Amino acid sequence: MSTQNEIFLKVIHQNQALIHKVCNIYRDTIEDKEDLFQEITYQLFRAYPKFEGRSKITTWMYRIALNTAMASFRKSKVIISKDKAIPEVPLEEGEESMNKERLFSAIRQLDDAEKALVSLYLEGMDYSEIADVIGITKNNVGVRLNRIKNKIKTLIK
């Protein structure tokens, strides 16, 4: 295995929670989440040689993951081969898990742009980083996130 492939696998391993988060937001079933995870990983693999390091690796990964998730909605049929299993994410139990699922369920009801903003916010990015990924102003990020928070509160009630 080449050094570049080893580095790519290490990056994916270290940041797989980011990909899982996007999958949880954009898909409902486990099978659809696995399909999207593989598609995002494939798109990251294809784009990795062109990554120039001008932004944080997580910012670059979010751009590709969100674009892939939104583009897959537009396709009439998603063709993905299932050659290998995706990395395991430990299942959570209890009230915290139920609250997370309620939150993800509410987020899945948002439109694509709103889902992208929320996923970046939940990742802990500041407004400037989110603005860079989405391509809107920092002030617009704040306004939209405030509206989305109110919408999610209504959806969870």
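Is Asp-28 buried or exposed, and what is its relative accessible area? Asp-28 is exposed, with a relative accessible area of 57%, where exposed stands for over 50%, buried for under 20% and partly exposed for what falls in between (1.4 Å probe, protein chains only).

1. Basis of the note. The model is a predicted one, in which local features need pLDDT of at least 70 and side-chain atom pairs count only at pLDDT 80 or more, while totals for chains, interfaces and linings use all residues. Residues are numbered from 1 along each chain as its sequence is written, and side-chain values use heavy atoms, with hydrogens and water left out.

2. The salt bridges around Arg-108. With a salt bridge taken as a side-chain nitrogen of Lys or Arg within 4 Å of a carboxyl oxygen of Asp or Glu, the count comes to five. One of them joins the side chains of Asp-28 and Arg-108, at 2.7 Å from N to O. This pair links distant parts of the chain, since Asp-28 sits in the loop between H2 and helix H3 (30-47) and Arg-108 in helix H5 (residues 95-108), 80 residues apart; helices here are DSSP runs (H or I, at least four residues), numbered from the N terminus.

3. The bridge between H6 and H8. A salt bridge also brings together the side chains of Glu-114 and Lys-151, at 3.1 Å from N to O. Glu-114 lies in helix H6 and Lys-151 in helix H8, so the pair ties together parts that are 37 residues apart in sequence. Glu-114 is buried, with a relative accessible area of 16%, while Lys-151 counts as partly exposed at 34%.

4. The packing of H7 on H8. The axes of helix H7 (residues 127-134) and helix H8 (residues 138-156), which are lines fitted to C-alpha atoms over the stretch in contact, with angles running from 0 to 180 degrees between N-to-C directions, come within 8 Å and cross at roughly 100°. The two helices are therefore roughly perpendicular to each other, a term that covers angles of 65 to 115 degrees. Tyr-127, Ser-128, Ile-130 and Ala-131 in H7 meet Lys-138, Val-141, Gly-142 and Leu-145 in H8, contact being heavy atoms within 4.5 Å.

5. Leaving aside residues up to four places away in sequence, Thr-68 touches Leu-36, Glu-39, Ile-40 and Gln-43.

Technical notes
Parallel < 35°, antiparallel > 145°, perpendicular 65-115°, else oblique.
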